[in-house]
Amino acid sequence: MYASNSNLYREPIPISSQFAEVLESDIQDYVENLRQLDTPEIAEGLQSSRNRMLSENIIQQSQTVQGLGSMVAVDGGNNVLNIGLGTQCFVVSVLYSLRQNYDVRISMERLAFEEEEATALMYGVRNAMEVRDIYDANERESFCIVDNSWVSLLENVNRVLVNYRRNNSDDDQQSLLKFLQPMLSRNGHFIGILQNSRNIAISKGGVSRFYCNQYGSNSLNLLDKVFLLGVLQAGEYTKPIPLSESGLGKLNVHTDSIFESQNAIKEIYNATFTSTGDVNCIGSSVCLMQ
């Protein structure tokens with residue numbers, strides 16, 4: 001594992017050409033869609049969507065909050081490396097902030113799995129690393145922004161546990177176990193980050209897709225995650241929707257014995273709330289910050 005610090009002469013992290021190509025393509029698509037926001041046809045369509053969302057109270061105005069300072073953020077990346085025998089995976093997690101003298105942490109793991117279809121195992125490692133960084137941030141001053149959705153996180157955990165038990169390789173199971181145990185233990189990282197209301201998961205794709213399908217028009221040929229960027233104005237957010245009312249139904253939690261915090265997590269995911277001040281409840285919303 002590689003952990004960065006304030007040393008200006010630290011060695012750079014190696015990134016495979018495969019990983020770089022995927023990243024470059026995603027950035028190009030995103031930038032191209034941002035440019036389309038300024039075209040007259042797209043702007044007219046977005047204004048029409050905005051008007052409908054305002055009339056139905058989907059768009060709400062946040063109160064001015066002073067003194068939050070710079071937020072903390074956690075993000076990760078992964079890729080399968082086609083090098084040598086077996087399946088080698090590259091996983092990275094980054095904890096960072098624009099605060100002065102903030103100690104940015106970059107963690108990297110390079111793992112070799114005997115299982116040919118190692119994608120689910122790789123995502124399990126990535127999720128565990130990101131959850132650990134969110135937990136370690138223990139944000140109390142502002143917010144910790146997570147580039148993921150809580151639903152996706154739980155679904156990935158369930159999926160990796162299925163593959164963990166199906167895997168016949170003892171070495172693969174042991175490699176994964178050291179990441180799963182700290183995340184899924186009774187007082188582990190997963191339940192810990194859910195109980196800190198300052199941890200905000202931003203599902204750019206999921207929430208944007210939901211509203212783009214409902215309020216967008218066929219003429220808006222935009223990436224889902226760009227849609228709300230064109231609709232919302234600074235300080236606005238979409239009306240929070242409890243996951244239990246999102247149409248997803250009851251969210252299942254894997255019952256594997258390694259998932260010691262499963263009951264507490266299931267209760268949080270399937271809770272309802274009456275106001276945004278409720279605790280131990282997860283809702284879906286997107287906010288455009290000032």
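How many aromatic pairs does the count come to? I get three aromatic pairs, taking rings of Phe, Tyr and Trp (its six-membered ring) as paired if their centres lie within 6.5 Å, with planes under 30 degrees apart called stacked, over 60 edge-to-face and the rest tilted.

Before going on, I note that this is a predicted model, where local features need pLDDT of at least 70 and side-chain atom pairs pLDDT 80 or more, while totals for chains, interfaces and linings use all residues. Residues are numbered from 1 along each chain as its sequence is written, and side-chain values use heavy atoms, with hydrogens and water left out.

I looked up Phe190 and Tyr269: their pair is edge-to-face, 6.5 Å centre to centre with 80° between the planes. Phe190 sits in helix H6 (residues 189-194) and Tyr269 in helix H9 (residues 262-269), so the pair ties together parts 79 residues apart in sequence. Helices here are DSSP runs of H or I, at least four residues, numbered from the N terminus. Phe190 is buried at 0% relative accessible area, and Tyr269 is buried at 0% too (buried means under 20%, with a 1.4 Å probe and protein chains only). With Phe259, these two form one aromatic cluster.

Next, the cores. A nonpolar core is a set of buried Ala, Val, Leu, Ile, Met, Phe, Trp, Tyr and Cys residues joined through side-chain atoms within 4.5 Å. The largest has 42 residues, and Leu180, Leu184, Phe190 and Ile265 have the most contacts inside it. Helix H3 (residues 119-137) gives this core its largest share, eight residues.

I then checked Leu180. Leaving aside neighbours within four places in sequence, Leu180 is in contact (heavy atoms within 4.5 Å) with Val160, Leu161, Tyr164 and Ile258.

Notes. Helix = DSSP H or I, 4+ residues; strand = E, 2+ residues; numbered from the N terminus. Buried < 20%, exposed > 50% of the residue type's maximum accessible area, 1.4 Å probe, protein only.
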